[in-house]
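Please keep the sequence and the structure in view as I go through them.

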Amino acid sequence: MKKLIIYITFMYPNKEKFFEILTMLDKCQADVVEIGIPAENPYLDGDIVKHTYEEVLKNKITIEEIKETLQTIKEKFSFKSVVMTYDEGIKKYSLLTNIEDCCDGLLCSDRSLKREEFSKIIQVYNESIESTEMNNMIEANDVFCYVMSGIGKTGSMDKIPNDYIKTIKRLRNITDLPIYVGFGVKGSEDVIKICSNGADGVIIGSHFLKVYNEGGIDNAEKYVKEIKNALASV
């Protein structure tokens, strides 16, 4: 069964609605929820994710709040929860030393983490990575491999490029970890295409947030169910 990973920014749009979204994702059997810890300069993300960061940062979140919330999520829901942030967020909230027991993995968008820094690392791959670097990255990779469909910002692609196909093949030669593709994934056609080209699942962030922002929780639930059905058909 192909897997669905949904991205949602920490405490967006507020605590009550954030947990409402998580409850819906659990009900719809999302396999993994990627929780974004905001950064002031999320330069790899498009306008949709940037907006969520700006809204959350207005409330001045703390590491204590992050830890407590992640622990609650781990205890309450059946999906795996992984944390995504930038090096800025890692340093600001001392995440490497504070959340290891509260989540199932950590992904840093703008640098490759090392084994001695954290025990459950998720690395991000694209077609530009040299073989030696990819081998070094995979040695510190746990949980799953995050493959970018192509180089660009989240939410910025009109259609899915084919660059990820070669990246998947390269990774298959050096690891048995699941490989999930993100960046630009929107509808059922994208999902079926990506999984038919060798991915173990998809990661959807910007488009999920767009659907939620435009239609609320009911529309978001309908969307997630459609994507799950598409994954079941591959």
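This is a predicted model: local features need pLDDT of at least 70, side-chain atom pairs count only at pLDDT 80 or more; totals for chains, interfaces and linings use all residues.

Residues are numbered from 1 along each chain as its sequence is written, and side-chain values use heavy atoms, leaving out hydrogens and water.

Helices (H or I, at least four residues) and strands (E, at least two) are DSSP runs, numbered from the N terminus. Two strands pair if DSSP finds at least two bridges between them. Strands β1 (residues 3–9) and β2 (residues 32–36) are joined by 5 bridges, and Y7 stands opposite E34 in β2.

Let us turn to helix α6. Buried means under 20% relative accessible area, exposed over 50%, and partly exposed in between, with a 1.4 Å probe and protein chains only. In α6 (residues 163–172), the buried residues are Y164, I165, T167, I168 and L171. They lie on the same side of α6 because they cover an arc of only 165° around the axis, taken from the directions from the helix axis to the C-beta atoms. The face turned away from that buried side carries the exposed residues K166 and K169.

Finally, T175 lies in the loop between α6 and β8. T175 counts as buried because its relative accessibility is 11%.
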